[in-house]
Amino acid sequence: GGMIPVAVGAALSYSMNKQSRIAVVFLGDAAVEEGAFLESVNFAMLKKLPVLFVCENNLFSTHTHIKYRQPESSVYGRIKGFGLISEAIDGNDSLKVYEIAGKLISDARSGKGPAFMECFTYRHREHVGPDFDYQNPYRTKEEVESWIQKCPIKRLQEYLLKENIFSLKNVDEEKQKINKEIDAAMDFAHNSKWPSSDELLKYVY
Amino acid sequence: MSTKIVVKNREITYAEAISEALMQVMEKDEDVFVMGLGVTDYKGIFGTTVDLYKRFGSERVIETPASENALTGIAVGAAAFGKRPVFIHARNDFMFLALDQMINNASKWKYMYGGKSKVPFVVRGIVGKGWGQGPTHSQSLQSVFLHFPGLYVAMPSTPYDAKGILTYMLSSDVPSVMIEHRTLYNNKGVVPEELFDIEPGRARLLSKGKDITIVATSLMVQEAYKAYLALEKMGIELEVIDPRFLNPLDEDTIIRSVEKTGRLIVADTSWIRCGFSSEISSLVAEKAFKSLKAPIKRIGVVDCPSPVSKSLEDDFYPTYKTIFLESCKLLNKKPDLELIKDPIIDSFTGPY
């Protein structure tokens with residue numbers, strides 16, 4: 001949650017410099033528990049700053065479910081009650097995210113002030129690392145698999161195929177492009193040297 | 001920006017010097033702005049922002065809600081995107097709420113982003129003392145900020161230094177903290193009318209002496225000087241050093257002085273445990289060990305929270321008398337108590 005106020009600061013600089021830029025900050029469902037979040041919202045509302053707060057609510061703060069952390073009410077509902085323009089949507093519906101974010105961003109740009117988007121989603125794999133972790137007691141395999149069915153990329157692909165915007169050939173091409181990019185990044189990482197010791201003290205001041 | 005200083009005979013107070021630095025820099029640099037609780041009220045942070053608000057209004061002198069945590073992050077963001085905020089805290093004690101942003105973000109920002117982004121901001125914090133300020137309105141946080149790499153920290157003790165140091169910080173790209181002592185606010189001193197800056201790493205020598213080196217910060221500088229005057233009458237010579245910038249520190253001046261005198265006292269405004277005085281003691285023990293003729297003495301406040309009652313405040317805070325007595329002890333000389341018999345009269349007469 002340390003970056004939430006920084007985004008508001010960026011928005012403050014845009015506002016002071018009379019630029020038509022907006023700041024977007026992505027936060028998790030636990031970040032709204034930090035005092036700094038509400039402090040940021042208060043100030044952004046007070047000064048009508050062009051900042052969009054996007055909350056990816058994936059139900060978990062590391063391994064602790066939201067029901068143990070917050071009173072039983074929706075995040076979006078509480079923030080809306082604070083007076084901030086708020087929306088709550090299926091975060092795994094890419095087109096919906098595009099539509100709502102687009103509206104809130106253009107509103108912010110035209111001086112309507114800050115807004116909040118709660119996007120319901122889920123973390124398939126472990127908190128940090130590449131593996132699945134449903135062997136651990138905090139959630140079940142069934143729950144994880146039910147969310148994988150709602151994967152946003154899978155759904156967007158289905159939509160594009162159905163509407164004939166994409167063909168299967170296009171899908172393959174995109175996958176190949178992406179794999180190439182990942183492979184190139186991996187190669188670069190594997191072939192890069194470790195930083196030399198003189199880098200340790202660079203940029204301290 | 002090192003210019004030849006032409007010092008005309010003009011005296012202004014410590015508070016006026018701070019206000020003047022801000023005013024002159026804000027006229028030149030439109031990215032500088034001020035923010036904080038109370039910056040636009042009629043007191044204007046003990047007079048240091050009143051004129052700024054009159055001149056620049058609420059566009060550049062921003063009154064803030066009681067949200068030091070987020071607001072410091074907001075200052076970080078504004079600074080990272082081209083502005084130069086000055087965040088003012090009426091008491092150092094409130095900076096505890098700002099530490100996450102100052103230390104986890106500001107101090108490490110440039111490092112974390114490989115030099116691609118920076119946080120050129122200044123945080124001003126005032127130290128309260130006496131008048132029943134009490135435990136949570138009289139702390140002095142220099143040791144906290146010094147411990148973590150990435151911040152410049154200064155404690156000006158004179159109006160000249162206040163203007164010069166603040167001016168330097170306002171154009172520096174390094175996130176900086178200026179700690180100002182409320183008790184010094186009404187002190188007058190010669191200050192150039194034109195803009196000038198004081199670069200870090202240059203300590204100020206108030207007196208030359210062969211017997212004891214004393215490194216003193218902030219309010220303790222004038223106490224050290226008073227002790228020097230009294231000890232002179234006993235034939236004891238004190239070499240008084242005001243580091244001004246605590247980071248970057250002018251180590252050379254301190255080491256060279258101890259190599260000459262062989263004895264060191266460090267007098268700080270805060271507790272000695274894990275404090276700035278302990279840091280200087282270790283530094284000197286490490287780098288000037290062979291020169292030491294006596295153990296190093298640290299002087300600070302008593303190891304308890306600041307009391308509220310005046311009589312206990314008198315016990316709590318060290319004065320020139322403390323320094324005088326410790327100096328005599330260091331030299332194994334019987335102190336001439338006549339020289340410190342006058343009652344302590346607070347130079348600061350308020351109002352707060």
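Glu326(B) lies in helix 12 of chain B, which covers residues 320–330. The model is predicted. Glu326(B) counts as buried because its relative accessibility is 14%, under the 20% cut-off. Beyond its neighbours within four places in sequence, Glu326(B) is in contact with Ile265(B), Lys297(B) and Ile299(B).

The interface was examined next. Chain B contributes 33 residues to the contact, and chain A contributes 25 residues. Together the two chains bury about 2300 Å². Carbon and sulfur atoms account for 67% of that area. On the chain B side, the most area is lost to chain A by Ile74(B), Phe81(B) and Tyr111(B). These three residues together make up 26% of what that side buries.

Polar pairing across the interface was also counted. Between chain B and chain A, 10 residue pairs are in polar contact, with both residues at pLDDT 80 or more. The count of salt bridges between the two chains is zero.

Several elements of chain B supply the side that touches chain A. Strand 3 (61–63), helix 4 (68–80) and helix 5 (99–112) each provide at least two residues. Helix 4 of chain B gives the largest share, nine residues. By residue class, the side of chain B that touches chain A consists of 16 nonpolar, 11 polar and six charged residues.

Methods: Residues numbered from 1 in each chain as written. Chains lettered and ligands numbered in written order. Predicted model: local features only at pLDDT ≥ 70, side-chain atom pairs only at ≥ 80, totals over all residues. Heavy atoms only, no water. Contact = heavy atoms within 4.5 Å. Buried area = accessible area lost by both parts, 1.4 Å probe. Salt bridge = Lys/Arg side-chain N within 4 Å of Asp/Glu carboxyl O. Polar contact = N/O pair within 3.5 Å; in protein donor to acceptor, adjacent residues only side chain to side chain. Helix = DSSP H or I, 4+ residues; strand = E, 2+ residues; numbered from the N terminus. Nonpolar A, V, L, I, M, F, W, Y, C, P; charged D, E, K, R; others polar. Buried < 20%, exposed > 50% of the residue type's maximum accessible area, 1.4 Å probe, protein only.
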